[in-house]
Amino acid sequence: NQYLKCRSLSDFENLAKQRLKSHRFHYYNYKAGQGHTYQACRTYFDKQLRIIPRVLINVEEISLKTTIFGKTYESPIIVAPTTFHCLANRDGEVGTARGATEAQCIYTYNWMYSTKPEHEVLQTTGPKFLHVYLTTPTKILEKIVNEAEEKGYRAIVVTCDHPTDRVRDDVLPLFEEASKTIDRELTECMPMPNMNAKDIIEKQNFSTGSITWANVESLKQLTKLPIICKGILSPIDAELAIKHGANGIVVSNHGGRQVDTAPAAIECLEDIVKVVDGRAEVFVDTGIRSGTDVLKALALGARGVLVGRPILYGLTCGGHDGVKRVLETLKRELMYDMACCGLTSIDQIDANILYQHI
Ligand code: FNR
């Protein structure tokens, strides 16, 4: 069985590519423009950052435990908000949440674009962040953010790098291809059960590009939970995020899906950590594909990393078990890489593990 032979995140991706209908794979795998931004992330991880091993240090017991907003978690690896999980597997977001629960990782639930209703996802017991779009109609947004703490969410993740909902070129080809290749299940796989038809139509009125920091401030009034601004690359925006109440920042270019030739998120991380200077917790995503990537991100000051597409590929290959295996693979690789650097806990990871000439 090819699935059981998957050992690395790229094995899961290759198998998902074989198993998914091609237009579904392309939707998940989509990169804006020529994909320069995504590639820049991979190049930065692979060529710019090098790990310098340390030897003969006792690393018998390694722990990935860490704290995020004052709470202890089993690992710094977090499932990023992504869309339409039923395209990958019929368990959809319930499968993803179950896999994350079993792997003891935080799951970020994309409320609006979930293909499974929230109450089903909340049956799973693992720690969760709630992801929202500021373009959600105000009444709905206020209600879900108001109720988030009671429902057990630990933080609110707000997408900041998606100014409008005008036609984007990632979803359209999905439908165009579907009509050519006869994907009869497609529409069944893309419901938005948390929104009714009226809400979906109303949503268009809120997607005009008029969202600003004032919207983040209003959100902040609705909850005591930490607010995480996702999609920041500029240190100027990091400063503004803090000014407007953010407790966390995800340095991200959205997996290279927004504006092509934006810099690699991992390249922007160090400057943002410097500017933030401990006033908020800083996370990073895009292109995290191995334990060494996680180690490098933490060395540059990230409190945690978010992982997007590999989760969808795990879900495609093995349902909830595939999600669990993707996350366990990353955790196992991270522990091995820490051992090679003589590190036994997350708080020992710092820039000293990155090679620099004397
Ligand atoms: C995303 N991402 C995303 N981000 C966000 O803030 N809101 C969203 O609705 C989505 N939707 C979405 C759909 C799909 C199919 C993908 C692949 C990604 C971006 C996501 O949260 C994350 O930033 C990237 O996926 C991280 O990059 P990698 O790990 O996929 O390389």
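**Figure 1. His254 is a buried residue, with 25 other C-beta atoms within 10 Å.** The model shown is predicted. A residue counts as buried if 20 or more other C-beta atoms lie within 10 Å of its own, so His254 passes that cut-off with its 25. His254 sits in a loop. That loop runs between strand S8 (248-251) and helix H13 (265-276). The phi of His254 is positive, near 65°. Most residues other than glycine have a negative phi. Which residues does His254 touch, leaving out those up to four places away in sequence? They are Asp161 and Gly231. The unreviewed UniProt entry carries an "active site" annotation that covers His254.

**Figure 2. Ser252 is a buried residue in the loop between S8 and H13.** Around Ser252, 29 other C-beta atoms lie within 10 Å. The cut-off for buried is 20 or more, which is why Ser252 counts as buried. In the unreviewed UniProt entry, the "binding site" annotation covers Ser252. Lys230, Asp285 and Thr286 are among the other residues under that annotation.

**Figure 3. Gly308 lies in the loop between strand S10 (304-307) and H15.** Is Gly308 buried or exposed? Gly308 counts as buried, because it has 21 C-beta neighbours inside 10 Å. Its contacts, leaving aside neighbours within four places in sequence, are Ala80, Thr82, Gly255 and Asp285. The UniProt "binding site" annotation, from an unreviewed entry, includes both Gly308 and Asp285.

**Figure 4. A shell of 21 residues surrounds the ligand.** Which residues are closest to the ligand? They are Ala80, Thr159, Gly255, Gly308 and Arg309. Among these, Thr159, Gly308 and Arg309 also fall under the "binding site" annotation of the unreviewed UniProt entry. How many residues of the shell are nonpolar, polar and charged? Seven are nonpolar, ten are polar and four are charged.

**Figure 5. Helix H5 (residues 92-102) is mostly covered.** Ten of the eleven residues of H5 are buried. The buried stretch includes Gly92, Glu93, Val94, Gly95 and Thr96. Ala97, Arg98, Gly99, Ala100 and Thr101 are buried as well. What covers these residues? The cover includes two strands, S3 (77-79) and S4 (106-110). It also includes two helices, H6 (118-121) and H15 (309-340). Gln104 follows H5 and has a positive phi, near 60°.

**Figure 6. Leu56 is an exposed loop residue.** Its loop connects helix H4 (36-48) and strand S1 (66-68). Leu56 has 6, so Leu56 is exposed. The phi of Leu56 is near 55°. That value is positive, in a residue other than glycine.

**Figure 7. Lys139 is an exposed residue of helix H7 (residues 138-148).** Why does Lys139 count as exposed? Lys139 has 10 other C-beta atoms within 10 Å, and the cut-off for exposed is 12 or fewer. Thr115 is 24 residues away from Lys139 along the chain. The C-alpha atoms of Lys139 and Thr115 are separated by 21 Å.

Methods:
Residues numbered from 1 in each chain as written. Predicted model: local features only at pLDDT ≥ 70, side-chain atom pairs only at ≥ 80, totals over all residues. Helix = DSSP H or I, 4+ residues; strand = E, 2+ residues; numbered from the N terminus. Contact = placed C-beta atoms within 7 Å. UniProt positions renumbered as here; feature names shortened; annotations may be inferred. Near = placed C-beta within 6 Å. Nonpolar A, V, L, I, M, F, W, Y, C, P; charged D, E, K, R; others polar.
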